[in-house]
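Thanks for coming, everyone. I'll walk through one model this morning, sheet by sheet. Please have it up on your screens.

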Amino acid sequence: MRTYRHLLYSLLFMIGTLMIGTIGYQLTEHLSMFDALWLTTITMMTVGYGDVIPTTEAGKIFTLVMVPIGIGVVTYALGVLTAWFIEQGLSLEARRKRMLKEISKLENHYIVCGVGRVGEQVLQQLVAHRETVVCIESDEKQIDRLSDKIYILTGDATDDEILLKAGVKKAKGLVTTLPDDAQNVYVTLSAKGMAPDIQVVARAIKTETEEKLYRAGADKVINPSSNGGKQMALSILKPASVKYVDTIMLSHNTEFMIEEYKLPATSQLVNKSIRESNIRNRFGVTIVAIQRYNELINNPSANELLYENDLLIMFGTRQQLEKLETC
């Protein structure tokens with residue numbers, strides 16, 4: 001803020017000196033406004049082309065006053081401008097170091113590699129769900145568009161050092177949306193090699209790359225082109241159903257949402273059936289499915305028992321879901 005104030009002062013001094021010089025030369029040398037402005041400028045810059053010079057005694061005396069004032073103002077302005085550029089560079093470096101320090105303290109965050117069209121959508125959804133996100137992007141033009149709510153690392157996501165700086169060993173999940181399949185395979189291999197338990201979702205551009213990404217360790221592979229085609233077909237076959245699902249899954253403004261909740265040993269729901277837990281009446285939440293190890297139980301019956309570490313896939317409002325998670 002202080003530097004900006006000095007920049008403003010220097011600009012005002014320059015304008016004021018030019019105005020005083022122009023008026024002074026018009027009065028003492030009887031020059032046109034342009035010639036007077038020209039003479040003032042070259043006097044302040046100590047250029048002295050010689051095409052326009054003071055000829056009257058009053059003009060020469062005025063010039064003797066203008067030269068030191070002009071040199072002082074220009075020197076001050078150049079000094080302030082130089083200081084501003086240096087400060088900007090130091091400020092950027094300080095912000096980078098501060099961000100690295102903050103990232104090093106993160107746990108259970110998400111890492112997004114690549115901020116193209118797909119990556120930007122991923123970021124929007126994660127931020128909308130109030131998740132902590134570290135973004136890795138090599139293109140500074142893309143970085144300028146990102147939200148202030150995101151931690152940003154400039155670099156190549158295929159570089160192990162960058163992944164370590166992003167906190168891959170302490171992250172909850174990683175999404176790689178790079179525009180090259182080989183890069184996504186490499187990032188997946190690197191992430192799983194450094195953090196075997198991390199959840200990795202990878203983008204595939206070619207269908208034949210999907211299997212390679214799974215072999216590299218990806219937990220889920222998304223092919224935007226393939227999924228987009230299926231979505232378009234379903235949108236014309238079952239428009240109302242698709243619209244409803246999209247509203248629930250993608251809208252930031254809808255009251256209802258789908259959430260996952262892993263039952264801890266301390267939960268009151270453990271070793272009780274859905275009927276005994278009375279979840280629907282107590283919390284207003286509907287259990288859509290239960291993930292139990294490698295088994296997915298769809299539309300569980302009221303007699304289904306709930307066990308420790310069961311992953312409940314539930315439907316309800318945010319308030320209802322939060323109330324259940326605290327029971």
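Six strands make an open sheet, in the order β3-β2-β1-β4-β5-β6, and the pairing is parallel. The edges belong to β3 and β6 (220-222); each has a single partner strand, so one side of each is left without a neighbour in the sheet. On average, neighbouring strands here are turned by 15 degrees against each other, direction ignored.

Some ground rules. This is a predicted model, where local features need pLDDT of at least 70, side-chain atom pairs count only at pLDDT 80 or more, and totals for chains, interfaces and linings use all residues. Residues are numbered from 1 along each chain as its sequence is written, and side-chain values use heavy atoms, with hydrogens and water left out.

Terms, quickly. Helices (H or I, at least four residues) and strands (E, at least two) are DSSP runs, numbered from the N terminus. Two strands pair if DSSP finds at least two bridges between them. Axes are lines fitted to C-alpha atoms, for helices over the stretch in contact, and angles run from 0 to 180 degrees between N-to-C directions.

Now look at β2. Is it buried or exposed? Five of the five residues of β2 are buried (under 20% relative accessible area; exposed is over 50%, partly exposed in between, with a 1.4 Å probe and protein chains only). So β2 is largely enclosed by the rest of the structure. Both faces are covered: Val133, Cys135 and Glu137 are buried on one side, Val134 and Ile136 on the other. As a reminder, side chains in a regular strand alternate between the two faces of the sheet.

β2 has partners on two sides. With β1 it pairs in the parallel sense over four bridges. There, isoleucine 111 has valine 134 of β2 as its bridge partner. The chain gets from β1 to β2 through helix α4 (residues 117-128), and this β-α-β crossover is right-handed. Right-handed means that, with the strands pointing away from the viewer, the path from the first strand over the helix to the second runs clockwise. β2 also pairs with strand β3 (residues 151-154), again parallel, over four bridges. Isoleucine 136 has leucine 153 in β3 as its bridge partner.

Next, β4. Strand β4 (residues 173-176) pairs with β5 in the parallel sense over four bridges. Glycine 173 bridges to glutamine 199 in β5. Two helices to note. α4 lies across β1, β2, β4 and β5, running at about 160 degrees to β1. α7 packs on the sheet and touches β1, β4 and β5, with its direction making about 175 degrees with that of β5.

What about the core? A nonpolar core is a set of buried Ala, Val, Leu, Ile, Met, Phe, Trp, Tyr and Cys residues joined through side-chain atoms within 4.5 Å. The largest one has 28 residues, and Ile111, Cys113, Ile136, Val168 and Leu174 touch the most other members. Elements giving two or more residues include β1 (110-113), β2 (133-137), α7 (181-194) and β5 (199-203). α7 gives the most, with four residues. Take valine 168: setting aside residues up to four places away in sequence, it touches Ile111, Leu163, Leu174, Ala191, Met194, Ala195 and Ile198. Contact here means heavy atoms within 4.5 Å. There is a second, separate core of 17 residues, which includes Leu269, Phe283, Ile287 and Leu321.

On to the other sheet. It is open, with four strands in the order β7-β12-β9-β10 and antiparallel pairing. β7 (256-262) and β10 (295-298) stand at its edges with a single partner strand each, so one side of each is left without a neighbour in the sheet. The twist averages 20 degrees from one strand to the next. Strand β9 (residues 286-292) pairs with strand β12 (residues 311-317) over five bridges, antiparallel. Isoleucine 287 has methionine 314 in β12 as its bridge partner. Helix α13 (residues 318-325) lies across β7 and β12, at about 140 degrees to β12.

Finally, the overall layout. The chain is divided into domain 1 (1-100), domain 2 (106-222) and domain 3 (255-326); these bounds come from an automatic or database domain assignment. Arginine 5 sits in helix α1 (residues 2-29). Arginine 5 is partly exposed, with a relative accessible area of 38%. From arginine 5 to leucine 263 is 258 residues in sequence and 57 Å in space, C-alpha to C-alpha.
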